[in-house]
Amino acid sequence: MTNIDDGETSPAPRTPKNPAADDPPRAVDWDAEAPAFDDEPDHGLREPVVREAWAARLRDWLPRRPSDVLDLGCGTGSLSLLATEQGHRVIGVDSSPAMVALARAKLAGRPAVFLVGDAAAPPVGEERFDVILVRHVLWTLPDPGRVLRRWCGLLRPGGTSHAFSSGGGRLVLVEGVWGTVSPVGIPAERLYGLLAPLVSDAELVRLGDDPLLWGREVEDERYALVAHL
Ligand SMILES: C[S@@+](CC[C@H](N)C(=O)[O-])C[C@H]1O[C@@H](n2cnc3c(N)ncnc32)[C@H](O)[C@@H]1O
């Protein structure tokens, strides 16, 4: 992954160098990024300790019962794969056909479907989900508040008669702020403020102090917000 600022050592989700503070992130060519995307430890989850660190977090964050998970901006499907290994069914959506092709190959034979589409308006029709899982994507989308409202509308409401659902759906959002000179991302407090009015509860989990998740020590802000309708 590419460092976002000269002199900084903190790999971040791919972004142009030195964006102004209020600039929206400019387009990244995710098709071009796809072939080497899994080379980063926290992307490909190839190292067993990193893989297990994410698997353990997902066990905490996802329902215990087999559930329907919508992985938005799924990339090469690394988290989707962990979710299926834990018994869940996955639909992954990514705007990059190259990422989707890699995800399809990675999860061949598993209960997973991958679609090319916009995470901000997922092409899932009337389908509703127990979990919307999003890692390192929301911060790149214009108007995240509007996107969150849309995502909440894709979750199963509480008290549904769906065979697997006893409670309402949940959002699992893994985000951060990368870099210190010209940071990019979305601070936890901002995301919490956007999310709190839409959900019944939201738990902030700090992830920056767990080097196993990243394959190294990190100094910037990393977190997950796990929220229930
Ligand atoms: C930093 S990668 C994260 C991939 C994956 N979530 C993970 O954690 O490994 C960002 C991903 O979001 C996808 N993406 C960016 N904007 C998108 C959009 N508007 N709709 C769908 N996917 C998008 C990119 O193609 C890329 O695969």
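**A walk around strand β5**

The protein chain folds into eight helices and eight strands; here helices are DSSP runs of H or I with at least four residues, strands are DSSP runs of E with at least two, and both are numbered from the N terminus. Keep in mind that this is a predicted model, where local features need pLDDT of at least 70, side-chain atom pairs count only at pLDDT 80 or more, and totals for chains, interfaces and linings use all residues. Residues are numbered from 1 along each chain as its sequence is written.

Of the 229 residues in the protein chain, 41% are buried, meaning that 20 or more other C-beta atoms, placed from the backbone, lie within 10 Å of the residue's own.

Now find strand β5, residues 170-178, where nine of nine residues are buried. In a regular strand, side chains alternate between the two faces of the sheet. Both faces of β5 are covered: one side carries R170, V172, V174, G176 and W178, the other L171, L173, E175 and V177, and all of these are buried.

So who sits beside it? Two strands count as paired if DSSP finds at least two bridges between them. Strand β4 (residues 131-135) runs parallel to β5 over five bridges, with V131 opposite R170. Strand β8 (residues 221-228) pairs with β5 in the antiparallel sense over eight bridges, and there A224 is the bridge partner of V174.

Strand β6 (residues 184-185) is also antiparallel to β5, over two bridges, with V184 partnering W178. β5 and β6 make a hairpin with five residues between them, and G179 in the turn has a positive phi of about 90 degrees.

Methods
A residue is buried if 20 or more other C-beta atoms lie within 10 Å of its own, exposed if 12 or fewer, and partly exposed in between; C-beta atoms are placed from the backbone.
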